[in-house]
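Student: Please take one part of this structure and look at it closely with me. I would like to see how that part sits within the whole chain.

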Amino acid sequence: MIIAILLSVTLFIIGISGILLSRKNTILIIMCLELLLLACNLNYILFSIYLDDIIGQIFALLILSVGASESAIGLALIITYYRTYKYV
């Protein structure tokens with residue numbers, strides 16, 4: 001349990017540092033946001049198993065769907081920007 005929580009914290013720190021260090025690259029920022037969401041999902045699932053409650057797993061599914069839609073919208077915006085200005 002402790003190792004998985006440390007893994008989640010490590011993923012969260014990598015995501016935060018990726019967002020802070022790469023402000024110019026939008027694709028990398030979207031990937032780092034996905035890392036943040038996956039770290040939160042891992043925590044929800046771990047504590048859901050630990051507390052023997054299914055609510056955390058339901059929240060994890062909700063966050064996965066929000067993350068997928070966020071990535072799709074972000075990539076669509078990048079493609080539209082590239083078509084307009086020929087530079088990302």
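Tutor: The protein chain has 3 helices and 0 strands, and from the N terminus on its elements run α-α-α.

A word on the model comes before the details. This is a predicted model. The mean pLDDT of the protein chain is 91, and 99% of its residues reach 70 or more. By helix, confidence is lowest in H3 (residues 55-85), at a mean of 91, and highest in H1 (residues 2-21), at 94.

Next, the setting. A compact globule of 88 residues would have a radius of gyration near 12 Å, but the protein chain has 16 Å. Along its principal axes, the C-alpha trace spans about 50 × 25 × 10 Å. Of the 88 residues, 20% are buried. The chain exposes about 6,500 Å², and carbon and sulfur atoms supply 77% of that area. Among contacts with a separation of 6 or more, 53% are between residues 24 or more positions apart.

Now to H2 itself, beginning with its length. At the start of the helix, a side-chain oxygen of Asn 25 reaches to within 3.4 Å of the backbone nitrogen of Ile 27.

The buried residues of H2 are Ile 30, Cys 32, Leu 36, Ala 39, Asn 41, Leu 46 and Ser 48. They pack against H1 and H3. In an α-helix there are 3.6 residues a turn, so residues three or four places apart point the same way.

Ser 48 is one of these buried residues of H2. Ser 48 counts as buried because its relative accessibility is 5%, and the cut-off for buried is under 20%. Leaving aside neighbours within four places in sequence, Ser 48 is in contact with Asp 53, Ile 54, Gly 56 and Gln 57. With Gln 57 there is also a polar contact of 3.4 Å between the two side chains.

Tyr 44 also lies in H2, but Tyr 44 is partly exposed, with a relative accessible area of 37%. Beyond its neighbours within four places in sequence, Tyr 44 is in contact with Gly 56, Phe 59 and Ile 63. Tyr 44 and Ile 54 are 10 residues apart in sequence, and their C-alpha atoms are 9.7 Å apart in space.

The end of H2 leads to Asp 52, which follows the helix and has its place in the loop between H2 and H3. Asp 52 has a positive phi of about 55° although it is not a glycine. Asp 52 counts as exposed because its relative accessibility is 73%, and the cut-off for exposed is over 50%.

H3 has 31 residues and reaches 45 Å from its first C-alpha to its last, close to the 45 Å expected at 1.5 Å a residue.

Ser 71 is found in H3 and counts as buried, at 16% relative accessibility. Leaving aside neighbours within four places in sequence, Ser 71 is in contact with Ile 30 and Glu 34. Ile 30 is itself one of the buried residues of H2.

Leu 77, also in H3, gives a contrast in exposure: Leu 77 counts as exposed, at 58% relative accessibility. Leu 77 and Asp 52 are 25 residues apart in sequence and 40 Å apart in space, C-alpha to C-alpha. Just after H3, Lys 86 takes a positive phi of about 60°.

To put H2 back into the whole: its buried residues pack against H1 and H3, and the loop between H2 and H3 holds Asp 52.

Terms used:
Residues numbered from 1 in each chain as written. Predicted model: local features only at pLDDT ≥ 70, side-chain atom pairs only at ≥ 80, totals over all residues. Heavy atoms only, no water. pLDDT = per-residue confidence, 0-100. Helix = DSSP H or I, 4+ residues; strand = E, 2+ residues; numbered from the N terminus. Buried < 20%, exposed > 50% of the residue type's maximum accessible area, 1.4 Å probe, protein only. Contact = heavy atoms within 4.5 Å. Polar contact = N/O pair within 3.5 Å; in protein donor to acceptor, adjacent residues only side chain to side chain. Rg over C-alpha atoms; globule rule 2.2 N^0.38 Å. Areas by Shrake-Rupley, 256 points an atom, 1.4 Å probe, with all protein chains shown as cover. Expected span 1.5 Å × (residues − 1).
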